[in-house]
Amino acid sequence: MITISLCMIVRDEEEVLERCLNSVKDLVDEIIIVDTGSLDRTREIAAGYTERIYEIPWKDDFAWARNYSFSKGQKDYCMWLDADDVIDEENRKKFLDLKKRLSKDIDMVMMKYGTSYDDNGNVLFSYYRERLVKNNSGFLWGGRVHEAITPRGKVVYEDIEILHKKVKSGDAGRNLRIYEEMAAQGEKMDPRACFYYGRELYYNRRYKEAEEVLERFLKEPDGWKENKIEACLNLAECYEADKDIGEHILEVLFKSFLLDLPRAEICCKIGDWFQREKRWKEAAYWYERALAVEKKPELGGFIRAECYDYLPEINLCLCYDKMGDYEKAYVHHRKAAALRPSSDEVLWNEAYFQKRMPEKENGDNMI
């Protein structure tokens, strides 16, 4: 059986650290905590789980801190978690099974990372991340912000999901501040940094600047395909937020089709554009395309799960209703209701159909 060093960087995490460590303490063989300047009880809590606690200064460089933490690992593989991550019981079982069967010739294990949820706790937004890397094999984190390790060697994808469960908002401007310092110092940004810089500008509602950076990223010959597809979607969101809701949005969304097969996220956004224009037939076409797209998390891109089922279903209900096909609209309403029975949209639609189609009051023709 392989052995695992859990290597964490933390700062002022007294609210969540115990929850995280309780969920993983019996899955790993050593715990390494690197504190970057906590002023609360973080180190005291960590001491209840490990003696391997280190203190380093914070340098506005996540990769440097992660590399320091990994340098302290002594087991076969190094693993990272953020303090507000947790592994639930279902995924703990999967993790233990992986630990028993993983061959030591595997260099990297990718696991899903869920970062947002619906009202029932179902994951809405997820993507694969490098979670276990073979120790003493030259793997290094890169990127002062949104740090990552470039995959190489034997890489496997596992159906294990780490859940990112924040309980408070962090420093909203921190990442953008670091990128702006890099730009001010003339530090060259690689394509990945350029992509995330554009996203940080968007998150901070600096839409024109975000558009400029993301448009520049799309011209980068070495930009990762998945990031470019996401950048097309982010640009459309920037244009939309900037009130440029003309055909500019369609142009950048269709540009993603030159990169790979359509993604449900893109199809839904195109459907939204036609819906705003009250072009119900075209909108319905694109929502139907979203339903037909196969979800492929193993490609590594961001997955918005609701774009593959709930969002197209609820919007198809509206489109077919506007086209006067109430039976078809009701079919899509029932499918949306099966996915999120207590959502505001579903409840509103249920009341609407009971008035328009009273014979459906008891949910006959349930799909």
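**First stop: a partly exposed aspartate**

Start by selecting aspartate 260, which counts as partly exposed at 22% relative accessibility. The cut-offs here: buried means under 20% relative accessible area, exposed over 50%, and partly exposed in between, with a 1.4 Å probe and protein chains only. Before you go on, know that this is a predicted model, where local features need pLDDT of at least 70 and side-chain atom pairs count only at pLDDT 80 or more, while totals for chains, interfaces and linings use all residues. Residues are numbered from 1 along each chain as its sequence is written, and side-chain values use heavy atoms, with hydrogens and water left out.

(A salt bridge is a side-chain nitrogen of Lys or Arg within 4 Å of a carboxyl oxygen of Asp or Glu.) Arginine 263 is buried, at 13% relative accessible area.

Which lysine side chain also meets aspartate 260 in a salt bridge? Select lysine 225: the N to O distance is 3.0 Å. Lysine 225 sits in helix H8 (residues 225-241) and aspartate 260 in the loop between helix H9 (247-255) and helix H10 (264-276), so this pair ties together parts that are 35 residues apart in sequence. Lysine 225 is partly exposed, with a relative accessible area of 34%. Helices (H or I, at least four residues) and strands (E, at least two) are DSSP runs, numbered from the N terminus.

Arginine 304 lies in strand S9 (residues 303-304) and glutamate 230 in helix H8, so the pair ties together parts that are 74 residues apart in sequence. Are these two buried or exposed? Both arginine 304 and glutamate 230 are buried.

In total, the structure holds 33 salt bridges. For a linked set, select Glu90, Lys94, Lys112 and Asp159, which form a network of salt bridges.

**Over to the strands**

Lysine 112 is your way in: its bridge partner in S8 is glutamate 161. Show strand S6 (residues 108-117) next to S8, and you have a parallel pairing over seven bridges. (Two strands pair if DSSP finds at least two bridges between them.) S6 is mostly covered, with seven of its 10 residues buried.

Next, click methionine 110. Its bridge partner in S8 is tyrosine 157, and in S7 methionine 110 stands opposite glutamate 130. S6 and strand S7 (residues 123-134) run antiparallel over nine bridges. In their hairpin, with five residues between the strands, look for glycine 121, which takes a positive phi near 85°.

Then bring up strand S5 (residues 85-86), which pairs with S8 (residues 155-164) in the antiparallel sense over two bridges. Valine 86 has leucine 163 as its bridge partner in S8.

**Last stop: the nonpolar cores**

Finish with the largest nonpolar core, which has 107 residues; those with the most contacts inside it are Leu6, Met8, Val24, Met79 and Leu132. (A nonpolar core is a set of buried Ala, Val, Leu, Ile, Met, Phe, Trp, Tyr and Cys residues joined through side-chain atoms within 4.5 Å.) H8 gives this core its largest share, eight residues. Apart from this core lies another one, of five residues, among them Tyr310, Ile314, Ala336 and Ala337.
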